[in-house]
Amino acid sequence: MAFIGIPLAMIISVLWYLPGIRSQGENRTLRKSDYTQAALVYGFLYACLLIITTEIAWDAVIGTPQEGELVREIISDFLRAALLEEFFKLTGFLLAKRKLKLQRKIDYIMIAGLIGLVYGVVEKAVLGNVAAVIVGLLIPMHITWQFNQGGHWFEYEKTRSSKELLMATVVPFLFHGCWDTGLDLISYFLGMEKSTSAQIAGGVLLVAMLTLGMIYTFRTIKKVRAVAQST
């Protein structure tokens, strides 16, 4: 799995990321070294390692949900996954933003998205889950959540709007928690082999999440390209 899925995840993630760079044409201000520094230092060494460390600590102290413990799964989705991951991805982006002295909205978007890209790939490498890799290829949520986060943070710094601050901080957390909860509900329903209605509900929820996730992804990429072209 790791020999095929992870390199594939890296390639596809980069393909989702590249339109925002290519759409800038000759108006790019960030260099390859800037992207490399942001990815390695703030994406991997800061965000990823701190997320992994704190999630291991969470599991050691709080424990991990057992099969069928849906309520504990949902609590973990929001407090272990969404809260810890979104906090360190956001702060990693803010550190990179300050270090690189970002000025343009598209650069905020691309660096935030890069932090998400790096974590998304590392997460799949750690989990080694075939389904997670497949869904991540179709719907790169860690990239798109952070693309939107970067854009809203730029608007927040420009306007000091509380709405933009919420869009840059609370909304990614809620999206993340709800997305992971939806995946757990699908697994829970489909695992109820003796209940036809539960399995139908799981199938319907799966189709709905994939559809909404792809719509969200394509709309986000379209918005990123528009910002890049207007730069």
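Student: What makes Arg-31 count as exposed?

Tutor: This is a predicted model, and in it Arg-31 has 56% relative accessibility. Exposed means over 50%, so Arg-31 counts as exposed.

Student: Which residue does Arg-31 form a salt bridge with, and why is it called that?

Tutor: With Asp-34, where the closest N and O atoms are 3.5 Å apart. The cut-off is 4 Å, so the pair qualifies. Asp-34 itself has a relative accessible area of 10%; that is under 20%, so Asp-34 is buried.

Student: How many salt bridges are there by this rule?

Tutor: Eight. Among them is the one between the side chains of Glu-86 and Lys-89, at 2.8 Å from N to O.

Student: Are Glu-86 and Lys-89 buried or exposed, and how do you know?

Tutor: Buried means under 20%. Glu-86 has 5% relative accessibility, so Glu-86 is buried. Lys-89 comes in at 0%, so Lys-89 is buried too. They sit three residues apart in helix H3, so about one helical turn separates them.

Student: What makes Glu-157 and Lys-97 a salt bridge?

Tutor: Their closest N and O atoms are 3.1 Å apart, and the limit is 4 Å, so they pass. This pair links distant parts of the chain: Glu-157 is in helix H6 and Lys-97 in helix H3, 60 residues apart.

Student: Why is Glu-157 called partly exposed?

Tutor: Its 27% relative accessibility falls between the 20% and 50% cut-offs, so Glu-157 is partly exposed. Lys-97, at 14%, is under 20%, so Lys-97 counts as buried.

Student: What about Asp-180: how do you know that it has no salt bridge?

Tutor: The nearest side chain of opposite charge is Arg-80, 7.6 Å away. A salt bridge needs 4 Å or less, so Asp-180 goes without one, although it is buried. Asp-180 is found in helix H7 and touches Asp-77 and Ala-81, leaving aside residues up to four places away in sequence. As for Arg-80, it is linked with Glu-55 and Asp-59 in a network of salt bridges.

Student: On to the rings. Why is the pair of Tyr-17 and Phe-147 called stacked?

Tutor: Their centres are 5.9 Å apart and the planes are at 20°. Tyr-17 lies in helix H1 and Phe-147 in helix H6, so the pair ties together parts that are 130 residues apart in sequence. Tyr-17 has a relative accessible area of 4% and is buried, and Phe-147, at 2%, counts as buried as well.

Student: What makes Phe-78 and Phe-173 edge-to-face?

Tutor: The planes of Phe-78 and Phe-173 are at 70°, and over 60 degrees counts as edge-to-face, so that is the label. Their centres are 6.0 Å apart, with Phe-78 in helix H3 and Phe-173 in helix H7, 95 residues apart.

Student: How many aromatic pairs does the rule give, and which residues do ring pairs link with Tyr-17 into a cluster?

Tutor: The count is eleven aromatic pairs. Ring pairs link Tyr-17 with Tyr-35 and Phe-147 into a cluster.

Student: Where does Arg-160 lie relative to Tyr-156?

Tutor: Over the face of the ring, 4.9 Å from the ring centre.

Student: Last one: why is Thr-159 called partly exposed?

Tutor: Its relative accessible area is 45%, between 20% and 50%, so Thr-159 is partly exposed. A polar atom of the Thr-159 side chain lies 3.2 Å from the backbone nitrogen of Ser-161.

How values were computed
Residues numbered from 1 in each chain as written. Predicted model: local features only at pLDDT ≥ 70, side-chain atom pairs only at ≥ 80, totals over all residues. Heavy atoms only, no water. Phe/Tyr/Trp six-rings, centres within 6.5 Å; stacked < 30°, edge-to-face > 60°. Helix = DSSP H or I, 4+ residues; strand = E, 2+ residues; numbered from the N terminus. Buried < 20%, exposed > 50% of the residue type's maximum accessible area, 1.4 Å probe, protein only. Lys NZ or Arg CZ within 6 Å of the ring centre and 35° of its normal. Polar contact = N/O pair within 3.5 Å; in protein donor to acceptor, adjacent residues only side chain to side chain. Lys, Arg positive; Asp, Glu negative; His and termini not counted. Contact = heavy atoms within 4.5 Å.
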